[in-house]
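Below are some numbered remarks for a colleague who will be working from these coordinates. Please read them with the model open beside you.

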Amino acid sequence: MYCNACGKDIAEDGRFCSYCGTVVGIAPRSKKLMRSRAERKIAGVCAGLAQYFDVDVSLVRILCFFITLATGVCPGVVTYLLAWIIVPSEPELKPVVAAQQPVTS
Ligand SMILES: [Zn+2]
């Protein structure tokens with residue numbers, strides 16, 4: 001594999017050119033707002049926001065709660081429902097381990 005920027009030969013599994021530092025191969029995954037599956041309470045909107053902004057889930061939930069109360073409940077609830085519809089859910093993780101285990105019967 002060759003670097004597109006400087007043309008030097010680099011390792012096949014390298015993600016950066018060791019000569020000029022240019023990102024090569026697979027582009028780094030861009031941050032995407034998604035509803036969390038692992039930490040969801042209702043639809044995972046707060047957990048998704050927490051993941052996106054890299055903050056604690058509880059903090060986001062408390063903030064959402066008080067913003068909802070402060071705005072007279074309805075705007076907060078509508079925003080949450082909209083986020084539920086608009087923000088895509090995290091891709092479901094398939095239970096690979098279970099499939100690989102030998103059948104004991
Ligand atoms: Zn390079």
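1. Setting aside neighbours within four places in sequence, T68 is in contact with V73, G76 and V77, where contact means heavy atoms within 4.5 Å. T68 belongs to helix α2, helices being DSSP runs of H or I with at least four residues, numbered from the N terminus. With a relative accessible area of 19%, T68 is buried; buried means under 20%, exposed over 50% and partly exposed in between, for a 1.4 Å probe and protein chains only.

2. The model is a predicted one, in which local features need pLDDT of at least 70 and side-chain atom pairs count only at pLDDT 80 or more, while totals for chains, interfaces and linings use all residues. Residues are numbered from 1 along each chain as its sequence is written, and side-chain values use heavy atoms, with hydrogens and water left out.

3. The chain averages a pLDDT of 84, and 84% of the residues score at least 70, pLDDT being the predictor's confidence in each residue, from 0 to 100. Confidence is highest in helix α2 (residues 57-70), at a mean of 92, and lowest in helix α4 (residues 96-100), at 59.

4. G76, one of the contacts of T68, is found in helix α3 and counts as buried at 18% relative accessibility. Beyond its neighbours within four places in sequence, G76 is in contact with T68 and T71. From G76 to F66 the C-alpha to C-alpha distance is 9.3 Å, the two being ten residues apart in sequence.

5. Helices α1, α2 and α3 (74-86) each supply at least two lining residues, and the largest share, seven residues, comes from α3.

6. The zinc ion has as its protein donors the SG atoms of C3, C6, C17 and C20, at 2.2 to 2.3 Å; donors are N, O and S atoms within 2.8 Å of the metal (3.2 Å for Na, K and Ca). The angles among the four donor atoms run from 106 to 117°, and the site is tetrahedral, a label that requires all angles to lie between 85 and 135 degrees. Along the sequence, the donor spacing is C-x2-C-x10-C-x2-C. Because C6 and C17 both lie in the segment before α1 (45-53), the pair ties together parts that are eleven residues apart in sequence. C6 is partly exposed, at 34% relative accessible area, whereas C17 is buried, at 3%.

Methods: Tetrahedral: all angles 85-135°; square planar, octahedral: opposite > 155°, others 65-115°.
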